[in-house]
Amino acid sequence: MSRNSKPLFDVLVIGAGPAGVAAAVRASECGARVGIVDDNATCGGQIWRGASEGRDGARWTERLETADITKLYGKRVFHAPEAGVLLAEGTDDLSELRYTNLILATGARERFLPFPGWTLQNVMGAGGLQAMVKAGLPIRGKRIIIAGTGPLLLAVAAYLRKQGAEIPTVCEQASWSRLARFTARLVGYPGKIVQGLQLKKELAGVAFAANSWPLAAHGGKMLERVTISRSGRREVIACDYLACGFHLVPNVELQSLLGCEISGGYVLVDDFQQTSVPGIFCAGEPTGIGGLELALVEGQVAGYAACGHTTEAGKLFGERRRSRRFARMLDRTFRLRRQLRDLPAAETIVCRCEDVPYSRLQPHRSWRAAKLETRCGMGPCQGRVCGPAAQFLFHWNPDSVRPPVFPARLESLVGPADHSEPEQSATTGVSR
Amino acid sequence: MPDSRSGPVTLTVNGSTVAVPSGATVAVAVVMAGQACRMSVSGEARGPLCGMGICFECRASINGTPHCRSCQILCEAGMKVETDE
């Protein structure tokens, strides 16, 4: 295994989705030595996925690729051994990354809720299936049910349909009245209306059902049918895939490890996107789920601010305020309804890594107690899937984060001999 | 992102040959081969869930390296992928 040298970056950006790309480009324009890290093989994050999708995607990724920025793709940050240093692991290498200022643009993941059959093959996330299709999975002629909540469902439906899939129905758990209020308030956001109309055109003929959610997935090893609740009526529909996501949860594990203050699941930042730890900035979904436009503007603010260019950063505050209002609307509209807590049966697996069923979690009073007794959340995903589910099902708060924030190879953990013992100091903030 | 300009890439999943579009991830190859990625601790066959390297359901052995997140690794010609199935 190779050990990479130790460059010092003025600004190191973690995450090459829209927020990270915008941050890196702006910081580089300010003359900073910039590095950008992502665990995927290309930039673009989950929304652009390396392809220059849409005008924004093409413009920003081209700016990134042509700028004098060190790109470290296929590398996953797993540890912060001391202030100003991160360790990242590649397929067969280890990088020690030194920085003066850090911008965390770690994005979000889908929220999954357990229901009977959700562990069957071909039940995937909505964004998850879209990612697989963008990564080459052929779905022409396949029947795909899309279910869950959030604007992502429609975007995924339109995309999959374009790729030749048949979409029998899109099930949105939010009520018609909430969706109507949301639509009415879109008037203040012309860009969103254009996107909405485009979607409507692409989705012509696809059945969309509000007040609807999946009750169970059925099949042998592979998914064959899904039972849905459509406005209180049960319906069984045959399909090849179920693409199912209940909006998004931010990835805040690294922020938590670094000691950044987190409230209600989101990273607290000031006007300049700086976290409670000086020199560490955060942009995009981890500060509040707001989508592409908010991520781009927050990323730019962070990129300028990390270089001390506060005037340029300040010019973007108005645009950011508008986008944040939209984010709050999303939050209200797609809040999960209580009935979804009743979806799991006693034997339904909640923790997929350790196969812990609902009935074994139910008696516990906290996430920590459940972890200690059942190993829930202690498998390789470290609770990234079952943690947000358990938070919704049982109102449990997440635990503190300890390194490594992702499973790492043993030789990576012992590799940097001088850092083998993580310092539990105030700066690294490992114990919260 | 699959690149339609170059031809398919051929690799093996549990010994069977699969041709995938250039730029496809290993997770795609496993699903196209009709295989599960791993067996869960209680013996369920599992396939990819999140598609973005978070859930670890897609881990497989690639060229002898175990526990690779196959959704984040691109297929290469001649690659040997082994799953638990």
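Predicted model: local features only at pLDDT ≥ 70, side-chain atom pairs only at ≥ 80, totals over all residues.
Strands (E, at least two residues) and helices (H or I, at least four) are DSSP runs numbered from the N terminus. Local features are reported at pLDDT of at least 70 and side-chain atom pairs only at pLDDT 80 or more, whereas totals for chains, interfaces and linings use all residues. Residues are numbered from 1 along each chain as its sequence is written, with chains lettered from A and ligands numbered from 1 in the order in which they are written.

The strands β5(A), residues 76-82, and β6(A) run antiparallel and are joined by four bridges; pairing requires at least two DSSP bridges between two strands. Within this pair, Glu82(A) stands opposite Val85(A). On to β7(A), residues 93-104, β6(A) pairs in the antiparallel sense over five bridges, and a hairpin of three residues links β6(A) to β7(A). Here Ala88(A) faces Ser95(A) of β7(A). Strand β6(A), residues 85-89, is mostly covered, with four of its five residues buried. A residue is termed buried if 20 or more other C-beta atoms, placed from the backbone, lie within 10 Å of its own, exposed if 12 or fewer, and partly exposed in between.

Helix α4(A), residues 126-134, is likewise mostly covered, nine of its nine residues being buried; among them are Leu129(A), Met132(A) and Lys134(A). Just after α4(A), Gly136(A) takes a positive phi of about 110 degrees.
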